[in-house]
Amino acid sequence: MAKRDYYEVLGLERDAGADQIKSAYRRLALKYHPDRNPGDGEAEASFKEASEAYEVLSDSEKRQKYDSYGHAGVEGNFGSGGFQWSDFTHATDVEDILGDFFGGIFGGGRRRARGPSGPPKGRDLRIALQLTLEEVATGAEKKINLTRQQRCGACAGSGAAPGSEARTCGTCNGVGQVQQVSRSFFGQSVTVTACPACGGEGRTVADPCRDCRGEGRVRDSSTITVRIPAGVTTGNYIPLRGQGDAGPRGGPPGDCLVFIEEEEHEHFSREGNDVLFRLPITIGQAALGDSVAVPTLHGEVRMKIPEGTQSGHAFRLRQKGIPDVDGRGCGDQLVEVLVWTPTHLGAEERRLFEQLEEIQKSRAESEGKSLLDRMLSAFG
């Protein structure tokens, strides 16, 4: 089923501002969130639809692509064929919005219910991976060398020297937050901020590890294997969860995003899931017909060239193109034949071509046509 227009989903005009987009999403999130509609499949679908629309329209770059190219401009994730909550680039923003409504149920509210925010998450990594067209067609396994922050082995990521341990922060008593109360003419107000002593982690390290200097992580290199599904294209990316930088002092690791870059091929060109190959043939092969070997991304095949084939004619080899990344079929290979004209003729070759030319002119005259008429009729 075709997706609805994102502006229609949120009930907005196309010139809506950022505040209007956020406000519209808040209204729909409050109405359709699954926790408020347990067991209601339609409400859950509406919630996901609104979340997907907000994820695109709240990002200026994605919104520009959507305004220019529609859904095709923002579809790039693969595997499930589109939107996934776990792949939100603005997940923190969305969680904060929903946390305003659902308190301890969702996102930001859930973090508040836990007390201390804990050690921060590690940094996400982004790397580019170049693939040949053959690897794109068949899928591949690639080894990638990563230099990243990894958990310190000496302190097991705690940041505390061996024999010691992190202690509960005396400033916030392990909560990770401090409150500041102020009074004014309008009454009393309470402001909650991250604890300045522990940075919101709820713990402090008195005797830091010498290997990592209290960070709980050290820079190191390692090799990981990435499995590439067949059918990817430039701009797709594969998220490797937990393969980014380790978080400081035992914080969760970030992710590694592997962006695909497709190398230009010497002989093949890609058009969607179809592949184009240009095959040079002789004048004799075009006139008499032949059976020729044709390379494909999946191995060599035999192809029949009928007699009288014209230069520029394209033959279709079914299922010899690029598989769909979602597993829904495979593209074709188009073989465009180009008749090769010799540039340097030997004496015998010239004699035979002149003889052929005389025969063709004589035949045209006997049919009451010029040679040009016969050629135009052949192109028909």
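Tyr 237 is buried (under 20% relative accessible area, with exposed over 50% and partly exposed in between, using a 1.4 Å probe and protein chains only), at a relative accessible area of 16%. Phe 259 counts as partly exposed, at 24%. This is a predicted model, in which local features need pLDDT of at least 70, side-chain atom pairs count only at pLDDT 80 or more, and totals for chains, interfaces and linings use all residues. Residues are numbered from 1 along each chain as its sequence is written, and side-chain values use heavy atoms, with hydrogens and water left out.

**Aromatic pairs**
- Rings of Phe, Tyr and Trp (its six-membered ring) pair if their centres lie within 6.5 Å; planes under 30 degrees apart are stacked, over 60 edge-to-face, and the rest tilted.
- The count comes to five aromatic pairs.
- Tyr 7 and Tyr 66 form a tilted pair, because their planes stand at 40°, with ring centres 6.2 Å apart.
- Tyr 7 sits in helix H1 (residues 6–10) and Tyr 66 in helix H4 (residues 60–69), 59 residues apart.
- Tyr 7 is buried at 1% relative accessible area, and Tyr 66 is buried at 3%.
- The rings of Tyr 237 and Phe 259 are also tilted, with planes at 35° and centres 5.3 Å apart.
- Tyr 237 belongs to strand S8 (residues 237–240) and Phe 259 to strand S9 (residues 256–262), 22 residues apart.
- Ring pairs join Tyr 6, Tyr 7 and Tyr 66 into a cluster.

**Strands and sheet**
- Helices (H or I, at least four residues) and strands (E, at least two) are DSSP runs, numbered from the N terminus.
- The chain has 10 helices and 15 strands.
- Four strands make an open sheet in the order S10-S11-S15-S14, with mixed pairing; two strands pair if DSSP finds at least two bridges between them.
- S10 (268–271) and S14 (314–317) are at the edges with a single partner strand each, so one side of each has no neighbour in the sheet.
- S14 pairs with S15 (residues 333–340) in the antiparallel sense over four bridges.
- Leu 317 stands opposite Gln 333 in S15.

**Cores and burial**
- A nonpolar core is a set of buried Ala, Val, Leu, Ile, Met, Phe, Trp, Tyr and Cys residues joined through side-chain atoms within 4.5 Å.
- In the largest one, of 35 residues, Ile 228, Val 258, Leu 279, Val 294 and Met 303 touch the most other members.
- A second, separate core of 18 residues includes Leu 28, Val 56, Leu 57 and Tyr 66.
- Of the chain's 380 residues, 34% count as buried.
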